[in-house]
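Work through the exercises below with the model open. Try each task before you read its solution.

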Amino acid sequence: MSWTIAVGVKQVPDDDEVGIDPDTGRLDRASAPAVMNPPDRDALEAALTIRDQVGGEVIAVTMGPPNAKTVLEQAVAMGCDDAVLVTDRAFAGSDTWPTSLTLARTAEALEADVVVCGEETTDSSTGQVPPGIAAHNGWAQLTYVEGVDARPEEDRLAARRDVEGGHELVAADLPVVVAVAYGEFDTRPAGLHRKIYAENDFEPTQWTAEDLEIKEEVGLDVSPTSVGGMETVDPVDRRGEVVDDIDDLAEVLTEVNA
Amino acid sequence: MSDDNGSGIDVDEYDDVWVFIEEHAGEVMPVSWELLEEGRTLAEKLGDELVALVIGEDVDEIAEEALARGADRVLVADDPVFEPYRADPYGEQFRAMVEAYKPSIALIGGTHTGRDFAGRVAVPAHAGLTADVTEIDVDDDGLLQARRPAFGGDVLATILCEEHRPQMATIRPGVFEAAEPTDEADGEIVEADVVVEEADCISEVLEREVGDTADITEAERIVAVGHGVEGDLEPARELAEALDAELAASRAAVDEGWIDGARQVGQTGKTVRPDLYVAVGISGAIQHLEGMNKSGTVIAINNDPNAPIFEHADYGIVGDLFEVCPDLADRLEGDLQEVVQ
Ligand SMILES: Cc1cc2nc3c(=O)[nH]c(=O)nc-3n(C[C@H](O)[C@H](O)[C@H](O)COP(=O)(O)OP(=O)(O)OC[C@H]3O[C@@H](n4cnc5c(N)ncnc54)[C@H](O)[C@@H]3O)c2cc1C
């Protein structure tokens, strides 16, 4: 028994490198370097763990501009067997509905048994894409996953999920979409040989909207949501007073507490 | 008006404001009552009915409570297939109800459960779904304006859904006041057809272990612990006791398993609004700040003078929390003693 495991990865601006615009005093994300969405590192590790458990192939998938290829190289360096770049101008303006459709069709085309994703992305943070993929394909889903337990003899994947106030163990029929809870899977280091291969010899497969036969179903026009406006939020005004003396702090606390 | 908007649906056919009442084994998640209160405001502005949706097993009492807390109508889907919660039967049932009753707006708590199944409704319904909303309103045309923090809370984006229905949103727990029960409930309870069968379910809950869920959103004083406590909650607990405060945490502390996830503050946790928020060994990542920005006075205890939390605190002290917390607690206890004497 061996499974085809697709893992979704996305390129996002590096939060740690997001600078402050000197003129406005606001975060300037546009100039931040692009990195792999941190929760997707957990997803990669979970995908590799499932492969360790049942055997098979892990294929990294990203939907994005041509330069998003670098996250796929990174994924291959970290141990993925192969990678697909889904790229097309037709995708421009897609909200979570067409985005999850695109990834759902990609998973179908790969004949994936399992699709693993990060919990959410740091740049749009909706967390809606993994359930959206499952919904488009009518597949099972497991979100907020902290541990995976492949059960090939049952054709199911069981997972420990974080739920409010506790945990549950849920088994889902294949194919299944898994969204991994951020910070729960320690990523294994990329091997040197794999890194050299990924950077020099590896080329991901490229698919367009046409290849996936969804040209009419993606992009701005089919996206049910639109951005009606952006208001900058004034940062909460705090005093920012650092005191040296613990007595001063105790005094403040007593006052607030009174 | 006809449907010349391109989506192929007539938005005028859709009305009513729906609120999903999330329950687990008879326990209602507090965010559900928060949404009912906010839903009431929207329904009144629109001249629409406020409809509560209750999905579960043996949920009569919950349906009654939803009426008492202000719903004009409660739609109930009562069946063993809904207990415990699973994404596929909940999503399918909710979707079928949306199709049958055509609500204009559907509000769902931004809990793990709500965020788990909302997409299973929005995708087949081709509805607009906005995640993790912190402000909602309707504009002059009756269109839902769902606002959510973007770019780490630096901006508030307004998301619209003009041509598709329902207009769905998951809403972060803790941002609204809860609807209180009254004696004047005169709404009706409607049994909805249950469209799901166990045989069609594609997932199975094997084990479920849930304790009491803490509600930090109501706390007036909070001591929050971060990764800096290194698993030792005692100093923070002492300080919390001296201040009569609730314990809360950053995600890093929750992920380490040091404290229950229900106590997490931030983008993927709760929004809190205490008078006093003491951040102990918390660096001040944007995802954390988002959940604590509504606090009154913020105090930071951190041994790194460059920790971003100091810029987002009213008062801070650079020092080792293992020394500062007990010391502060002692002084506060001393003060209290003085007050008592
Ligand atoms: C998708 C996503 C969602 C997220 N959602 C949330 C969320 O909802 N809530 C949240 O909190 N985070 C969230 N995060 C995580 C967030 O980015 C940070 O990683 C997290 O908040 C860091 O927690 P921390 O400040 O406790 O730990 P750290 O960043 O490790 O900071 C620990 C701090 O403790 C200090 N310290 C260490 N030892 C001592 C000592 N002895 N005395 C005093 N100080 C000490 C250190 O100087 C440091 O500043 C999210 C991240 C992602 C990607």
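This is a predicted model: local features need pLDDT of at least 70, side-chain atom pairs count only at pLDDT 80 or more; totals for chains, interfaces and linings use all residues.

**Exercise 1. The ligand site**

Solution. 
- Step 1: Sort the shell by class.

**Exercise 2. Polar atoms around the ligand**

Which atoms of the ligand lie 2.6 Å from Thr268(B), 2.8 Å from Gln264(B) and 3.0 Å from Gly281(B)?

Solution. 
- Step 1: Start at Thr268(B). A polar atom of its side chain is 2.6 Å from a ligand nitrogen.
- Step 2: Go to Gln264(B). An N or O atom in its side chain sits 2.8 Å from a ligand oxygen.
- Step 3: Turn to Gly281(B). Here the backbone supplies the N or O atom, 3.0 Å from an oxygen of the ligand.
- Step 4: Check the cover. On its own the ligand has 990 Å² of accessible area, and the protein covers 83% of it.

**Exercise 3. The interface of chains A and B**

Describe the contact. How many residues does each chain give, and what area do the chains bury between them?

Solution. 
- Step 1: Count the residues. Chain A gives 74 and chain B gives 82.
- Step 2: Take the area. The two chains bury about 6,500 Å² between them. Carbon and sulfur atoms carry 54% of it.
- Step 3: Find the top contributors in chain A. Glu164(A), Arg238(A) and Leu253(A) supply 12% of the area that chain A buries against chain B, more than any other three residues.
- Step 4: Count polar links. The interface has 39 residue pairs in polar contact, with both residues at pLDDT 80 or more.
- Step 5: Assign elements on the chain A side. Those that supply at least two residues include helix H3 (96-109), strand E9 (140-151) and helix H6 (246-257). H6(A) gives the largest share, 9 residues.
- Step 6: Sort that side of chain A by class. It has 29 nonpolar, 23 polar and 22 charged residues.

**Exercise 4. Salt bridges**

Examine the charged pairs. How many salt bridges lie between chain A and chain B, and which residue pairs with Arg251(B)?

Solution. 
- Step 1: Side chains of opposite charge can pair when their charged atoms come close.
- Step 2: Count. Over all chains there are 38 salt bridges. Between chain A and chain B the count is 8.
- Step 3: Inspect Arg161(A). Its side chain meets that of Asp116(B), with 3.9 Å from N to O. The cut-off is within 4 Å, so this pair counts.
- Step 4: Inspect Arg251(B). Its partner is Glu119(A), at 2.8 Å from N to O. Arg251(B) belongs to helix H6 of chain B, and Glu119(A) to the loop between strand E8 (114-118) and H4 of chain A, so the pair joins two chains.

**Exercise 5. Backbone features**

Check the backbone. Where does Pro175(A) lie, and which residue does a cis peptide bond join to Pro84(B)?

Solution. 
- Step 1: Take chain A. A cis peptide bond links Leu174(A) to Pro175(A), with omega about -10 degrees. Pro175(A) is in the loop between E11 and strand E12 (176-180) of chain A.
- Step 2: Take chain B. Glu83(B) is joined to Pro84(B) by a cis peptide bond, with omega about -10 degrees. Pro84(B) is in the loop between strand E5 (73-78) and helix H3 (87-101) of chain B.
- Step 3: Check phi at Ala25(B). It is positive, about 50 degrees, although the residue is not a glycine. Ala25(B) is in the loop between strand E2 (23-24) and strand E3 (27-28) of chain B.

How values were computed. Residues are numbered from 1 along each chain as its sequence is written. Chains are lettered from A and ligands numbered from 1 in the order in which they are written. Side-chain values use heavy atoms; hydrogens and water are left out. A polar contact is a pair of N or O atoms within 3.5 Å; within protein, one must be able to donate a hydrogen and the other to accept it, and residues adjacent in sequence count only if both atoms are side-chain atoms. Accessible areas come from the Shrake-Rupley method with a 1.4 Å probe; for residues, only the protein chains shown count as cover. Contact means heavy atoms within 4.5 Å. Buried area is the accessible area (1.4 Å probe) that two parts lose on being put together, summed over both. Helices (H or I, at least four residues) and strands (E, at least two) are DSSP runs, numbered from the N terminus. Ala, Val, Leu, Ile, Met, Phe, Trp, Tyr, Cys and Pro count as nonpolar, Asp, Glu, Lys and Arg as charged, and the others, Gly among them, as polar.
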